[in-house]
Amino acid sequence: MVAAGSGVRLGQPVPKALVTLSGTSLVRRCVDNLAEAGVERVVVTIPLGMDQPFSAALDGAAIPVTIVVGGQRRQDSVRMGLQSLSGMADFTSVLVHDAARPLVPATVIHRVVGALRSGARAVVPVLPVMDSIRETSGDSSQVVDRSSLRAVQTPQGFRLTTLREAHDHVEQSRLEITDDAAACEAMGVDVVLVDGDRRALKVTEPIDLLVAEAILAGEGST
């Protein structure tokens with residue numbers, strides 16, 4: 001799980017993953033959701049010097065959690081997380097999840113895992129784009145056909161060997177990527193899409209926390 005970001009846009013004095021939602025940190029909610037969906041182990045990449053507060057937030061989690069210091073870029077953090085899995089030959093698949101998505105339903109995780117078990121090497125949950133989209137160029141713009149566009153969510157799922165090879169390729173080629181599916185595509189791997197969920201919103205700005213609180217209230221959860 002990627003939790004090494006500072007979350008400046010959220011305007012909080014702590015890293016985004018430690019911000020609380022109805023009294024529980026985002027990172028802990030993510031771990032609890034993964035555990036509920038049957039995930040066996042979690043590696044959390046964190047900012048440098050934040051071991052103690054993250055350890056406190058994750059104390060008592062239902063599944064084993066390994067904390068690893070992440071890097072400056074998201075792809076660096078994922079690579080460091082993968083390195084921590086060396087020697088764990090019993091794991092053949094891996095999910096990469098953003099701690100900024102604390103409300104992912106178990107059904108989404110099951111879809112991703114199901115596609116991996118059916119033979120996919122890389123799986124991404126997506127949603128149709130609802131807003132009208134315009135592409136700008138200088139002072140002009142034009143409408144983009146949104147019917148074929150999809151918004152990408154996490155967790156994304158991969159064969160462990162595939163993701164390791166993809167990040168090695170990205171590192172050697174000095175590529176900048178925005179997510180791990182892009183790393184796989186960079187070396188020719190097909191990405192399978194499954195349905196995401198509106199509840200799996202990404203908490204980026206203060207209004208997103210309000211929306212997440214409303215979702216929890218509507219579900220009668222704390």
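Q: What makes the contact between Asp32 and Arg28 a salt bridge?
A: The model is a predicted one. In it, the closest N and O atoms of Asp32 and Arg28 are 3.1 Å apart. The cut-off is a side-chain nitrogen of Lys or Arg within 4 Å of a carboxyl oxygen of Asp or Glu, so the pair qualifies.

Q: Why is Arg28 called buried, and what is Asp32 called?
A: Arg28 has 16% relative accessibility. Buried means under 20%, so Arg28 is buried. Asp32 has a relative accessible area of 32%. That value lies between 20% and 50%, so Asp32 is partly exposed.

Q: What makes Arg73, Asp76 and Glu176 a network?
A: Salt bridges link the three residues. Asp76 and Arg73 meet at 2.8 Å, N to O. Glu176 and Arg73 meet at 2.9 Å, N to O. Both values pass the test of within 4 Å, so Arg73 takes part in both pairs.

Q: Why does the pair of Glu176 and Arg73 tie together parts that are apart in sequence?
A: Glu176 lies in the loop between α5 and α6 (180-185), and Arg73 lies in the loop between β4 (65-69) and α3, so the pair ties together parts 103 residues apart in sequence.

Q: How do you know which of these residues are buried, partly exposed or exposed?
A: Asp76 has 16% relative accessibility, which is under 20%, so Asp76 is buried. Glu176 has 61%, over 50%, so Glu176 is exposed.

Q: How many salt bridges does a search of the whole structure find?
A: The search finds eight.

Q: What lines the largest pocket?
A: This pocket holds about 820 Å³ of space. It has 33 lining residues, and the closest to its centre are Val39, Phe91, Ser93, Val94 and Leu95. Helix α4 gives the most to the lining, with five residues. The lining divides into 20 nonpolar, eight polar and five charged residues.

Q: What lines the second largest pocket?
A: About 560 Å³ of space lies in it. Its lining has 27 residues, with Gly5, Lys16, Arg74, Asp98 and Lys202 nearest the centre. The classes are eight nonpolar, 11 polar and eight charged.

Q: Why is Ile207 called exposed?
A: Its relative accessible area is 52%. Exposed means over 50%, so Ile207 is exposed. Ile207 is in helix α7 (residues 206-219). With Leu210 and Val211, Ile207 forms a nonpolar surface patch of about 290 Å² of accessible area together.

Definitions and conventions:
Residues numbered from 1 in each chain as written. Predicted model: local features only at pLDDT ≥ 70, side-chain atom pairs only at ≥ 80, totals over all residues. Heavy atoms only, no water. Patch = residues over 30% accessible without salt bridge, like charges linked within 9 Å, V, L, I, M, F, W, Y side chains within 5 Å. Areas by Shrake-Rupley, 256 points an atom, 1.4 Å probe, with all protein chains shown as cover. Helix = DSSP H or I, 4+ residues; strand = E, 2+ residues; numbered from the N terminus. Buried < 20%, exposed > 50% of the residue type's maximum accessible area, 1.4 Å probe, protein only. 1 Å grid on protein atoms, 1.4 Å probe; cavity = no way out; pocket = protein on both sides within 12 Å on 5 of 7 lines; lining within 4 Å. Points joined across faces, edges and corners; volume = space filled by probe spheres on them. Nonpolar A, V, L, I, M, F, W, Y, C, P; charged D, E, K, R; others polar.
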